[in-house]
Amino acid sequence: MDNFEPKIVAFCCNWCSYAGADLAGTSRIQYPPNIRIIRVMCSGRVSPLFVLKALSVGADGVLVLGCHPGDCHYIEGNYKTLRRIALLKNMLAQMGIEDERIRLDWVSASEGNRFVSIVSDITKKVKALGPFRKNFEEKEHG
Amino acid sequence: MAKLKVALYWAASCGGCEIATLQIGEKILKLAEAADIVFWPVAVDVKYADVGKMPDKSIDACLFNGAIRTSENEHIAKLLRAKSKLMIAYGSCAYEGCIPGLANFYNRQMIFNRAYVETPSTDNPKKIYPQMRVKVPEGELEIPEFYDTVKTLAQTVDVDYFVPGCPPEEKSTWLALEALIEGKLPPKGTVISPSTKAVCDECPRKKEEKKIKKFYRPYEIIPEPEKCLLEQGLLCYGIATRGGCGALCPQANMPCTGCYGPVEGVIDQGAHFLSALSSIIDSNDPEEIQKIVNDIPDPAGTFYRYSLPASLLRRARIK
C-alpha cells in the first residue's frame, strides 16, 4: 500500500484552531491534503461519538484541535475534551485501535505553522499504520 | 376473535429472558386467553421442521431472545421472520448483543483457544477443536457453525419492536404483550419500555453536583445509602441508560450497568456514557486526568457491557 492516502477528519474549534488553519491557508503554507476539516464551535463539542462515527464510516484517523488550555473561548470546553480523549484512548486501545490514529492537540489562531506540523505528523503516522478498515474485517461467516 | 399465535425462541443468551417472560405472574392467564403458543423450545415440544411447515406470516408475533452467534441462530431467526407478522427482539441480547456480544473483543480462534485449550480445567494436549462435520460409522454429523462476530437480531433480520433489559422487567414485558393482545401497536422500531428517559429519572437517590476525583469499584467502598452513586465515584451507568426498570440496582446499592440500552435518540450508548463520565472528572491537569481515568480497569467492557455488537465499531480489531 505505498500509494495509500489516508483520510483524516479534523475537528477544529471556531475560535482558535480553525483560525489557525485559516492562517496556514492564507499564508500559503503547504501541508498534506489528507485532512477534512469540520468546524465546531468548541473542541468541547466533540463528543467521543463523533470520533467513533468518523472511524466507522471510513476515516483512517481523527484529529481534534482546540484552543490552548486556559485560552478556551468558553472557559473550559477544551478541558472537557482533554478528559474525554484520555478516557476514549484508553477504551480504543482495548478495541485494537492504534493510539496514533487519534490525536488531540492545541492550535491557537496565530499558529499556522503549528497546525501544519501537526497535520503533517498525523498524516505521516496514519499512512505508516495503513487503512483503518483493512484489518477490521467483519467476517460474516468463518 | 381468533386466538393470536405466538412463538418464543432462545438464541445466544443465558435463558434469563425465558424466565423473565414468566415474571408477568398471573397475567399469563390473560395471555393464555388471548394467544396460543405455537413454538417455544424451552417449554413446548415443537420441532424446527414443524415451524418450517407453517405457512408464511401465520404466526402473529415472535418474541426472540438471544444474539446471533451461530449459523443455527441465524437460520432460525430467518425462519421465524418469514413465519411471523411481527418480530420482537426481546431482551438485551437480541436488541444489542449483551453479554454474549462481549465475545466481539475476540475472534473465533481466540475463543476456541481459551475454551478448549487454555482454561486450567481443560486437558486437551492434542489441541482438538470442535469441527463442523465429523464422520461416524452411521454417516456424517454436522453441528452449526460458530461465527467470528456476534450480531444483534436487527443486524440479521428485519425487527419490528425491541424490548430492552437483561432481562426485561415485568412492566416492559407486559407493555409489549398488552399492546399485542389489544392490537394497539406502537410505530415500527419502537423500543418498548415504560420510560424514554434515563434511569436517573426514576432513581430516588439525592443528586447534587457531580465532580469526581477518583473512581471506585463496588467492592472498594460502602456507598452512602441516599446519595447518588455516581457522585460517590461508582461507575453508575444510569445517566446514559434508558429507564423503565424502576432503578432497581441503584436502590440495592449497586450501580446501574446499563442493561436497558441507550436513551431515546442515542446511537452509541458506550460513547454517550464515556462522554458524560469524563466530563465530570474534577481535574484540569493532564497527568492527574490520566491517573483518574486509569482507575477504570476495563473501559471498553464497562461502557459496552450490553451493546458492543450494536455499537458503531461493532467489534474490536484483531490483528
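Biologist: In what order do the elements of chain A run from the N terminus on?

Modeller: From the N terminus on, they run β-α-β-α-β-α-β-α, and chain A has 4 helices and 4 strands. Helices (H or I, at least four residues) and strands (E, at least two) are DSSP runs, numbered from the N terminus. This is a predicted model, in which local features need pLDDT of at least 70 and side-chain atom pairs count only at pLDDT 80 or more, while totals for chains, interfaces and linings use all residues. Residues are numbered from 1 along each chain as its sequence is written, and chains are lettered from A and ligands numbered from 1 in the order in which they are written.

Biologist: Why is chain A called as compact as a globular protein of that length?

Modeller: The globule rule is 2.2 Å times the number of residues to the power 0.38, and the radius of gyration is taken over C-alpha atoms. For 142 residues the rule gives 14 Å, and the radius of chain A is 15 Å, close to that value, so chain A is as compact as a globular protein of that length. Its C-alpha atoms fill a box of roughly 50 × 30 × 20 Å along the principal axes.

Biologist: What makes the strands of chain A a sheet, and in which order do they stand?

Modeller: Two strands pair if DSSP finds at least two bridges between them. Strands β1 (residues 8–13) and β3 (residues 61–66) of chain A are joined by 5 bridges and run parallel, so they meet the definition of a pair. One bridge links A:Val9 to its partner A:Val62 in β3(A). The 4 strands form an open, parallel sheet in the order β2-β1-β3-β4.

Biologist: Why is one side of β2 and of β4 of chain A left without a neighbour in the sheet?

Modeller: β2 (35–40) and β4 (102–106) of chain A stand at the edges and have a single partner strand each, so one side of each lacks a neighbour in the sheet. On average, neighbouring strands of this sheet are turned by 20° against each other, direction ignored.

Biologist: What makes helix α1 of chain A largely enclosed by the rest of the structure?

Modeller: A residue is buried if 20 or more other C-beta atoms lie within 10 Å of its own, exposed if 12 or fewer, and partly exposed in between, with C-beta atoms placed from the backbone. In helix α1 (residues 17–26) of chain A, 7 of the 10 residues are buried, so the helix is largely enclosed. Among them are A:Tyr18 and A:Leu23. The buried residues of α1(A) pack against β1, β2, β3 and α4 (112–129) of chain A. Over chain A, 49% of the 142 residues count as buried.

Biologist: How do you know that chain A touches chain B, and how many residues are in contact?

Modeller: Two residues are in contact if their C-beta atoms, placed from the backbone, lie within 7 Å. By that test, 27 residues of chain A are in contact with 29 residues of chain B. On the side of chain A, α2 (48–56) and α3 are the elements that give two or more residues, and α3(A) gives the most, with 11 residues.

Biologist: How many residues on this side of chain A are nonpolar, polar and charged?

Modeller: Ala, Val, Leu, Ile, Met, Phe, Trp, Tyr, Cys and Pro count as nonpolar, Asp, Glu, Lys and Arg as charged, and the others, Gly among them, as polar. The side of chain A that touches chain B divides into 13 nonpolar, 8 polar and 6 charged residues.

Technical notes. Axes fitted to C-alpha atoms, helices over the stretch in contact; angles between N-to-C directions.
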